[in-house]
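This report goes through one protein structure, starting from a pair of strands and ending with the chain as a whole. Please keep the sequence and the 3D view at hand while reading.

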Amino acid sequence: MNGDKRIAMNPMLVALLLSSLHLLQVSAEDDVSCLRQFRKSVSDPSGYLGNWVFGNSSNGFICNFAGVTCWHYGENKVFSLALPSAGLTGRFPQGLSNCSSIQQLDLSVNLIVGSIPSDICQQMPYLTTLDLSQNNLTGTIPVSLSDCLYLNKLSLEENKLHGTI
């Protein structure tokens, strides 16, 4: 037997490990999709998002995008999206529901118009910080903001919103 030791792998364990790796890859691809949809849904006349180039597919490439902080450098998982005073215009950005573990969103001091999505807490269930202050948001403050279980900082001032929280 010349010291050859082999480990028998349980086929179920192997399948579980492979499916877990696939889920991590799909989840990271979702965050890339999140930022791609976000970029397409806003206008960027000042070019603030100029380095948001999606031709790269290496791990962590989105971590170098302006305003993006990842959970771990080298991993395409968005922790925070901070774009205050970026000169962004348009309606509330699309795609944020694909940033599955985002905790902080700061779009303050831009020209975002329209209403806050009523399902914002379903789109981003782990938000701890939401700053949409100093935009041109209108309509009712969504009652569903109370469904953001982890939200501890909310800034909506200097918009044209009404209602109570």
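## Strands β4 and β6

Strand β4 is joined to strand β6 (residues 129-131) by three bridges, and the two strands run parallel. Across this pairing, D106 stands opposite D131 in β6. The model is a predicted one.

## The five-stranded sheet

The β4 and β6 strands belong to an open sheet of five strands, in the order β1-β2-β4-β6-β8. The pairing within this sheet is mixed. At the edges are β1 and β8, each of which pairs on one side only. From one strand to the next, the twist averages 10 degrees.

## Elements along the chain

How many helices and strands does the protein have? There are two helices and nine strands. Read from the N terminus, the elements follow the order α-β-β-β-β-β-α-β-β-β-β.

## Disulfides

A disulfide is a covalent bond between the sulfur atoms of two cysteines. The structure holds three disulfides. When the bonded cysteines are numbered in sequence order, their pairing reads 1-4, 2-3, 5-6.

C34 is joined to C99 by a disulfide with an S to S distance of 2.0 Å. The torsion about this S-S bond is about -100 degrees, so the disulfide between C34 and C99 is left-handed. This pair links distant parts of the chain: C34 lies in helix α1 (residues 11-41), while C99 lies in the loop between β3 (89-91) and β4 (104-106), 65 residues apart. C34 has a relative accessible area of 0% and is therefore buried. C99 also counts as buried, because its relative accessibility is 1%.

## Two further disulfides

Another disulfide joins C63 to C70, with 2.2 Å from S to S. Here the torsion about the S-S bond is about -110 degrees, so this disulfide is left-handed. Is C63 buried or exposed? At 12% relative accessibility, C63 counts as buried. C70 counts as buried as well, at 11% relative accessibility.

The remaining pair is C121 and C148, whose sulfur atoms are 1.8 Å apart in a disulfide. Its torsion about the S-S bond is about -90 degrees, so the disulfide is left-handed. The pair links distant parts of the chain, with C121 in helix α2 and C148 in the loop between β7 (136-140) and β8 (153-155), 27 residues apart. Both C121 and C148 are buried.

## The nonpolar core

The largest nonpolar core has 40 residues. Which of its members touch the most other members? They are L35, F38, W52, L81, L83 and L105. At least two residues of this core come from each of α1, β1 (68-70), β2 (78-82) and α2. Helix α1 gives the most to the core, with four residues.

F38 can be followed in more detail. Neighbours within four places in sequence set aside, F38 is in contact with L49, W52, L81, L83, L88, P93, Q94, L96 and L107.

## Q123 in helix α2

Where is Q123 found? Q123 is part of helix α2 (residues 120-123). The relative accessibility of Q123 is 15%; because buried means under 20%, Q123 counts as buried.

The side chain of Q123 makes a polar contact of 2.9 Å with the side chain of D119. Apart from neighbours within four places in sequence, Q123 is in contact with L96, S97 and P117.

## The chain as a whole

The protein has 165 residues, of which 40% count as buried. Taking contacts between residues at least 6 apart in sequence, 52% join residues at least 24 apart.

Conventions. Residues are numbered from 1 along each chain as its sequence is written. This is a predicted model: local features need pLDDT of at least 70, side-chain atom pairs count only at pLDDT 80 or more; totals for chains, interfaces and linings use all residues. Side-chain values use heavy atoms; hydrogens and water are left out. Buried means under 20% relative accessible area, exposed over 50%, partly exposed in between (1.4 Å probe, protein chains only). A polar contact is a pair of N or O atoms within 3.5 Å; within protein, one must be able to donate a hydrogen and the other to accept it, and residues adjacent in sequence count only if both atoms are side-chain atoms. Contact means heavy atoms within 4.5 Å. A disulfide is a pair of cysteine sulfur atoms within 2.5 Å. A nonpolar core is a set of buried Ala, Val, Leu, Ile, Met, Phe, Trp, Tyr and Cys residues joined through side-chain atoms within 4.5 Å. Two strands pair if DSSP finds at least two bridges between them. Axes are lines fitted to C-alpha atoms, for helices over the stretch in contact, and angles run from 0 to 180 degrees between N-to-C directions.
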